[in-house]
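Colleague: Thanks for making time for this. Could you walk me through the packing here?

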Amino acid sequence: MSFLNPFFLLALIAVGLPLVIHLLNLRKPQKVSFSSLSFFRELKNTTIKRIRIKRYLLLILRLLAIACFAFVLARPFLPPGYSSGNAVQAPAINGILIDNSISMSRIGKQGPLFDYAKEIVEVIRESARDDDRFIIQFTNGEETLRNILSSTNVDRLLEEKEVSNSGNFIASRLQMLVEALDNSPYQNKNLFFITDTQRSQVSPLQDIELDNISITLIDVGEVEVQNTYVDGVNSSTSMMGTGIPFTVEVVLANEGSVNAINQFVTMEFEGENVGQYSVSLEPNERKTYSFEVTPAQAGSSTGRVIIEGDEFQADNTYYFSVQIPEQRNILLVRDTNPRDQQLSYTTTMLQAAGENDAQLAYNEIAMDELEGENLSGFDAVILDGLTGIPEYSFERLQDFVQNGGGLIFFPSENGNLENYNALFEEFNAGRFAGVIGDYASFQSIAVADELLQEHPVFEALFEQDENEELRINNPSVFYYLKFLSSDTGVQFDLFALNNGDPLIHEKRFGEGTLIIAAIGNDPGWSNFPVQPVYAPFYYRLLLYGASSDQGGFSGHTLGQPFSWVGNINADGAVIEAGSDQIRPSVDVVSSGVRLRYPAEDWKPGWITIKDGIREVSLSVNAEKSESLFDTFDSNTIEDLINGVDVLQIAAADLDGNELQSQIASTGFGREIWSWFMMAGLFFLIAESVVSRWYKAETLD
């Protein structure tokens with residue numbers, strides 16, 4: 001048995017305190033004359049002997065309890081296989097996991113953290129015996145070969161490795177090391193993890209299971225550094241198309257306790273600079289910066305966000321990719337027997353869009369044909385002027401919207417309100433409460449004077465100066481259905497009348513959206529179609545409804561195997577990552593072709609998927625937790641890895657000799673201080689029992 005903290009063996013001096021107190025109480029009794037001594041002679045022969053036995057027993061129990069607690073402070077341990085005799089001197093297999101994430105590029109007390117981690121590996125190697133062997137792994141980048149290495153090969157491997165801005169695979173690397181140690185023929189097995197105790201690095205320790213393997217966590221030190229990083233890039237709209245401007249929102253965060261000042265954030269889109277902001281962030285503050293971009297063509301559009309002036313530069317570039325659909329397919333469903341010569345502005349608008357804009361294509365069918373139509377080939381379904389919708393189609397329409405489609409509803413002046421409401425109930429969207437006005441009266445009963453200007457449908461639709469009040473020719477309504485919205489879910493009015501009733505209402509449902517109009521698309525409802533705002537609004541409404549499940553940001557987060565599903569030729573599919581051309585694993589699934597690749601060697605940037613005809617660019621970025629430098633303290637780590645004895649070494653606070661002494665003193669064994677803690681508690685309980693229940697002073 002050896003000790004990790006032999007200095008605390010000095011606490012054994014405290015064992016002498018009860019003994020000193022006992023000796024001080026051994027005073028010689030004085031003789032006192034008494035008339036009759038017969039009673040005291042009996043007491044001397046019986047009770048005094050029992051009192052002495054009790055005193056000695058209590059003294060021994062107290063001495064043992066204090067000694068046990070002194071051993072607890074000294075942290076005793078046994079080498080693995082101690083009971084096997086020669087196993088103490090048997091060779092050991094040492095698994096070493098080295099943190100080479102970007103946080104290890106910071107400068108600590110001992111220099112760059114990763115360089116110091118290499119020095120610690122050298123100390124471990126020097127502390128081992130000549131016939132000990134090693135398995136080395138790193139948290140980031142490609143997995144190192146699982147070979148068992150000699151000391152010389154360890155040095156060669158360390159020379160080749162640097163901090164890596166590729167994916168973090170700590171969980172799988174830990175599991176690999178544990179399995180390699182379990183399967184090795186060595187009896188003495190040790191696991192070392194050298195890290196800066198960053199939360200993202202230490203958290204996976206809670207999932208490991210160790211059997212007869214000692215684990216030592218070596219902390220290379222905590223470094224205070226100001227770091228501004230990109231916390232997210234997104235857009236409030238999915239309505240993206242060629243020549244259609246939209247806003248990209250960039251969220252910046254200041255990680256650390258130092259103010260971020262004199263910094264700048266710049267966005268590049270398709271190689272062009274689209275804007276720059278001056279950045280000022282207080283500690284732990286987040287701010288959103290908005291940039292407007294306009295895709296010039298369909299397909300993949302790429303961009304990046306660049307932070308300048310930041311103290312920590314390893315995460316100052318964030319890449320993104322936006323997929324701009326070439327075409328959106330719309331299914332227009334009209335009544336089975338439409339009235340002759342009935343004019344629908346929906347048809348007119350779709351025809352004009354098809355002739356002048358390749359982004360919208362439509363197919364028109366009658367209501368009784370909907371049952372046999374495959375909705376998966378469409379991005380939006382328009383129910384235009386139907387007097388009723390068959391109930392058998394409710395579930396299909398609900399699934400269509402749930403999975404990302406858009407459903408746009410325009411009523412008929414002869415529509416069945418109960419039937420309409422039954423459909424809306426499937427979406428928990430509200431109901432029509434009745435009709436207002438007279439159809440084709442051409443008498444205005446309300447004016448549409450309120451619009452939700454922040455909605456994507458209206459984004460960049462109007463040209464106005466900052467703080468300028470929006471003015472439009474407000475449509476007059478002659479006849480409409482009064483709509484009452486529900487109280488659940490995300491919903492809002494795109495257009496509202498001056499009496500507060502909705503004119504155009506949206507309800508988000510699943511991944512898609514339901515748009516409900518209170519008026520139909522013919523002249524008997526309103527003069528909306530002759531207003532200047534109608535055509536651009538209507539076009540963008542159709543585009544918005546068809547944009548729920550297409551387009552948007554797409555990318556891969558490093559640290560996970562790559563998986564992508566899309567419409568691509570399975571036979572010729574390749575992935576280009578930098579100068580490398582990769583043949584991924586290919587599976588044909590119901591929704592297209594799935595490509596899979598480990599992606600351990602990828603770094604932030606873009607990759608391109610090709611099949612000889614199509615090309616899709618995807619962004620690749622590190623997990624944002626890599627930019628968070630908050631750490632676990634020693635107590636939290638002990639609670640995190642509950643049930644596993646972990647030796648923690650704060651290497652940054654030790655000089656070379658102290659570090660070597662602590663690593664060597666681990667003995668690559670198992671701590672047994674808990675045994676002495678249990679024994680000390682047992683002796684204290686025994687002392688209390690003897691003191692209370694052993695009545696040595698009482699005569700029988």
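Colleague: Leaving aside neighbours within four places in sequence, which residues is Ala 651 in contact with?

Modeller: A word on the basis: this is a predicted model, where local features need pLDDT of at least 70, side-chain atom pairs count only at pLDDT 80 or more, and totals for chains, interfaces and linings use all residues. Residues are numbered from 1 along each chain as its sequence is written, and side-chain values use heavy atoms, with hydrogens and water left out. Contact means heavy atoms within 4.5 Å. On that basis, the partners of Ala 651 are Tyr 116, Ile 120, Ile 218, Asp 219 and Leu 659.

Colleague: Is Ala 651 buried or exposed?

Modeller: Ala 651 sits in the loop between strand S36 (646-650) and helix H13 (656-665); helices (H or I, at least four residues) and strands (E, at least two) are DSSP runs, numbered from the N terminus. Buried means under 20% relative accessible area, exposed over 50%, partly exposed in between (1.4 Å probe, protein chains only). Because its relative accessibility is 0%, Ala 651 is buried.

Colleague: Which residues have the most contacts inside the largest nonpolar core?

Modeller: A nonpolar core is a set of buried Ala, Val, Leu, Ile, Met, Phe, Trp, Tyr and Cys residues joined through side-chain atoms within 4.5 Å. The largest one has 69 residues, and its largest share, eight residues, comes from helix H11 (residues 534-545). The most contacts inside this core belong to Leu 383 and Ile 389.

Colleague: And is Ile 685 buried or exposed?

Modeller: Ile 685 belongs to helix H14 (residues 673-693). Since its relative accessible area is 55%, Ile 685 is exposed.
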